[in-house]
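Please open the model in a viewer and follow the selections below in order.

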Amino acid sequence: MATKGHDNDAAVIGSADSKCGNITIKNATINLESVSGCYGVGIGVGKNQSLVSDSGENIVIENCYIKDNSAWDRHAASIGAGTSSKINNITIKNSEIHGGAIGGSDNNNQLFDFKCVGDITIEGSIIDANTRYGHRAAIGSSLYSGVGTITITNSNVTAKTESGAAIGTGGYTSQSSS
């Protein structure tokens with residue numbers, strides 16, 4: 001499946017400006033692409049969801065191959081919460097994922113110091129997560145926000161970032177990991 005987002009703040013798969021329920025993707029090959037300068041994620045919750053509604057629920061990805069071909073100047077994560085949004089939990093099992101951040105997007109919420117991502121669990125997967133723009137972790141949360149527990153088991157992970165921890169938080173938050 002190839003998907004391309006057109007709304008600058010909406011997720012390619014997920015929500016635009018309304019609450020996002022659970023997203024479950026199993027046994028699929030997905031090529032994502034969003035527009036340059038985008039604030040919405042590839043898979044998850046679009047921009048500003050925490051101001052409109054509670055949050056996104058859970059993202060579960062199992063037995064999938066996902067490649068995010070989006071421009072490197074995109075502000076949002078490949079999988080997770082868009083700018084000023086939050087997602088409860090992200091679970092990735094037995095999958096191969098290549099693209100941007102997994103978790104929070106750049107400058108996730110400057111107004112409300114909070115966790116933009118609950119727990120992130122990665123099991124038996126190959127992950128290549130890179131952020132070349134903004135203050136965010138390649139796996140975790142972004143600037144001004146925290147993340148719950150990050151658990152990575154039996155996986156091969158490459159996590160690169162220009163600013164922030166490769167795995168953890170993007171910086172400037174009073175929220176600590178659980």
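This is a predicted model: local features need pLDDT of at least 70, side-chain atom pairs count only at pLDDT 80 or more; totals for chains, interfaces and linings use all residues.

Residues are numbered from 1 along each chain as its sequence is written, and side-chain values use heavy atoms, with hydrogens and water left out.

Switch to a cartoon. The protein chain has 1 helix and 18 strands, assigned as DSSP runs numbered from the N terminus (helices are H or I, at least four residues; strands are E, at least two). Of its 178 residues, 50% count as buried, where buried means under 20% relative accessible area, exposed over 50%, and partly exposed in between (1.4 Å probe, protein chains only).

Next, select I43, I90 and I92, the residues with the most contacts inside the largest nonpolar core, which has 30 residues. A nonpolar core is a set of buried Ala, Val, Leu, Ile, Met, Phe, Trp, Tyr and Cys residues joined through side-chain atoms within 4.5 Å. Strands that each supply at least two residues of this core include β3 (23-26), β9 (87-93) and β12 (114-123); β12 gives the most, with 4 residues. Apart from this core lies another, of 5 residues, among them A11, V41, A76 and A101.

Centre on I92. Leaving aside neighbours within four places in sequence, I92 is in contact with residues including I61, I79, I97 and I127; contact means heavy atoms within 4.5 Å.

Now select strand β7 (residues 65-68). I66 and D68 form its covered face, Y65 and K67 its uncovered one. Strand β4 (residues 29-33) runs parallel to β7 and is joined to it by 4 bridges, with I30 standing opposite I66. Strand β10 (residues 96-99) also pairs with β7 in the parallel sense, over 3 bridges, and E96 in β10 is the bridge partner of Y65. Two strands pair if DSSP finds at least two bridges between them.

Finish at T131, in strand β13 (residues 126-131). Is T131 buried or exposed? T131 counts as buried because its relative accessibility is 3%. Its side chain makes a polar contact with the side chain of T161 (2.7 Å). A polar contact is a pair of N or O atoms within 3.5 Å; within protein, one must be able to donate a hydrogen and the other to accept it, and residues adjacent in sequence count only if both atoms are side-chain atoms.
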